[in-house]
Amino acid sequence: MSRRKPGSVTIVPNVHIIDIAEEGKGVGKADELVIFVDKAVPGDVVDVRLTKKKKNFAEAVIDQIHQKSELRTDPFCPHFGACGGCKWQHMGYDSQLKFKQKNVEAALQRLGKIDTSNTEPILGSAKDRYYRNKLEFTFSNKRWLDRTDIERDEDFDMNALGFHVPLRFDKILDIEHCYLQAEPSNSIRNAVREYALANALSFYDLRNHEGALRNLIIRTSSTGEVMVAVVFAYPEDDQVNGLMSFLQSNFPEITSLLYIINQKKNDTIFDQDVYVFAGRDHIFEEMDGIKFKIGVKSFYQTNSEQAFELYKITKDFAGFTGDELVYDLYTGAGTIANFVARSVKQVVGVEYVPTAIEDAKFNSALNGIENTIFYAGDMKDILTTEFIAEHGKPDVVVTDPPRAGMHADVVKRLLEMEAKKIVYVSCNAATQARDLEMLSEKYEVLRIKPVDMFPHTQHVENVVLLKLK
């Protein structure tokens, strides 16, 4: 039975957490009410405080833990809980992998009516810390204060450089050490913050849209190169030159030092000019002997080492013999296209973003790959009968769409093309399952393998091989 605390807060006692939902919250039941509990782990017995209640389900946070699950572990990051990233640090990595695999299979079964009995074991990441090659931080003059800060009853420097607090677009958690990206990431971020404070550079006001410093983007690569891009909003005279000169002098390892002036109401930089202060306008990544040019706007898998494993699995699923025509849909910067090009006759890559296609073409030329062709445009508009007649019916289609999955018209085109095989790479098992059900009209699922790209989060990639019936 639930009880109410003063202020009409509903407490539900002794909730047994029995599962993990696809969005990463613990799942419990009380009187037929399904409760999704933030930061709860299967095996916990907890009192929970309801934050949202509907007819058949509720959302809640832990009020008190009576029994800790054996799967629990101590989070290693001091920012855990307030930060919006790494939400599963309180659960051991082996357990994370177990629940990721279970959630993938559940989504495919429930939404796609797929037989998952032969799903291959999930491939975990060799690194569960410092695995990202890109992070983007936000400057704000409205630092997030936690309960400890408030109880100290002191005056605080309200400037922050870090990550957005979940559900609070205008509040930024000041980050001292982040375990997602290796050095020199933390050193650069902390040095930028210290320089800005010492030199009275104003941090961005996310509500009033004013201030000098807006964002900081740091990219690293397996080749040892480093890109730093500072996004300014309304800098005063010499503030840009001062900060950029400071970075150039103190971090000689920076290969690409860039800045952007963004005075729009949103943080996107894809329509903004990029200025090179020092070095190149790009860095290079390398995978299996293939080089990739990475600009500040380029898309590249953020876990480089695990991306290599993901693409090897994709290649293995396709089972290339050397004579195939391959369509690579949602090709991005042509990473998969160029990765498989030397194993096939020709690759035709299609991507919505024109700048990504330019990167794809450059990467082919950089590596002397001559059997790739790339097109920019809306997938459903490009994949016409005329397009297929011109380029040929593909033997294999590789598709790696965004989280929303494929447009229904794209699925329809795939059914019309009747490629012998489709290798479907997805970062969202739910939308993948939806698409697989539509494709089941002509295709059967032969292989399924989840791949963990993002340890300590609920996110997981999944690779599925389909064969024409």
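Because the model is predicted, local features are reported only at pLDDT of at least 70 and side-chain atom pairs only at pLDDT 80 or more, whereas totals for chains, interfaces and linings use all residues. Residues are numbered from 1 along each chain as its sequence is written, and side-chain values use heavy atoms, with hydrogens and water left out.

Lining residues have an atom within 4 Å of a point. Grid points are joined across faces, edges and corners, and a volume is the space filled by probe spheres set on the points. Helices (H or I, at least four residues) and strands (E, at least two) are DSSP runs, numbered from the N terminus.

The second largest pocket holds about 1,200 Å³ of space. Its lining comprises 31 residues, and those nearest the pocket centre are Asp38, Lys39, Val61, Gly81 and Ala82. At least two lining residues come from each of β4 (33-38), β5 (45-53) and β6 (57-67), and β6 gives the most, with 4 residues. By residue class, the lining of this pocket consists of 14 nonpolar, 6 polar and 11 charged residues. Here Ala, Val, Leu, Ile, Met, Phe, Trp, Tyr, Cys and Pro count as nonpolar, Asp, Glu, Lys and Arg as charged, and the others, Gly among them, as polar.

Lys39, one of the residues nearest the centre of the second largest pocket, is found in the loop between β4 and β5. Phi of Lys39 is near 65 degrees, a positive value in a residue other than glycine. Lys39 counts as partly exposed, at 27% relative accessibility; buried means under 20% relative accessible area, exposed over 50%, and partly exposed in between (1.4 Å probe, protein chains only).

Across the whole structure, the search finds 1 cavity of 30 Å³ or more. The largest cavity has a volume of about 40 Å³ and is lined by Asn133, Arg219, Thr220, Ser221, Ile283, Glu285, Ile294 and Tyr300. Two or more of these lining residues are given by each of β10 (213-220) and β14 (282-287). The lining of the largest cavity divides into 3 nonpolar, 3 polar and 2 charged residues.

Strand pairing, which requires at least two DSSP bridges between two strands, is illustrated by β11 (residues 226-232) and β12, which run parallel and are joined by 7 bridges. Within this pairing, Val231 has Ile260 of β12 as its bridge partner. Strand β12 (residues 254-261) is mostly covered, with 6 of its 8 residues buried. In another strand, β22 (residues 461-468), lies Val463, which counts as buried at 0% relative accessibility.

Aromatic pairs were assigned to rings of Phe, Tyr and Trp (its six-membered ring) with centres within 6.5 Å; planes under 30 degrees apart count as stacked, over 60 as edge-to-face and the rest as tilted. The count by this rule comes to 13 aromatic pairs. Phe308 and Phe339 form an edge-to-face pair, 6.0 Å centre to centre and with 80 degrees between the planes. This pair links distant parts of the chain, since Phe308 in helix α5 (residues 304-318) and Phe339 in helix α6 (residues 335-340) are 31 residues apart. Phe308 is partly exposed, with a relative accessible area of 24%, whereas Phe339 is buried, with a relative accessible area of 3%.

Phe76, Tyr130 and Tyr179 form one aromatic cluster. Arg129 lies over the face of Phe76, at 3.8 Å from the ring centre, and Lys98 lies over the face of Phe99, at 5.5 Å. A charge sits over a ring if NZ of Lys or CZ of Arg is within 6 Å of the ring centre and within 35 degrees of the ring normal.

Most residues other than glycine have a negative phi, and most peptide bonds are trans. His456 has a positive phi, near 70 degrees, and is placed in the loop between β21 (443-451) and β22. His456 is buried, with a relative accessible area of 4%. A cis peptide bond, with omega about 15 degrees, joins Glu183 and Pro184; Pro184 lies in the loop between β9 (168-174) and α3 (185-198).

Conventions: 1 Å grid on protein atoms, 1.4 Å probe; cavity = no way out; pocket = protein on both sides within 12 Å on 5 of 7 lines; lining within 4 Å.
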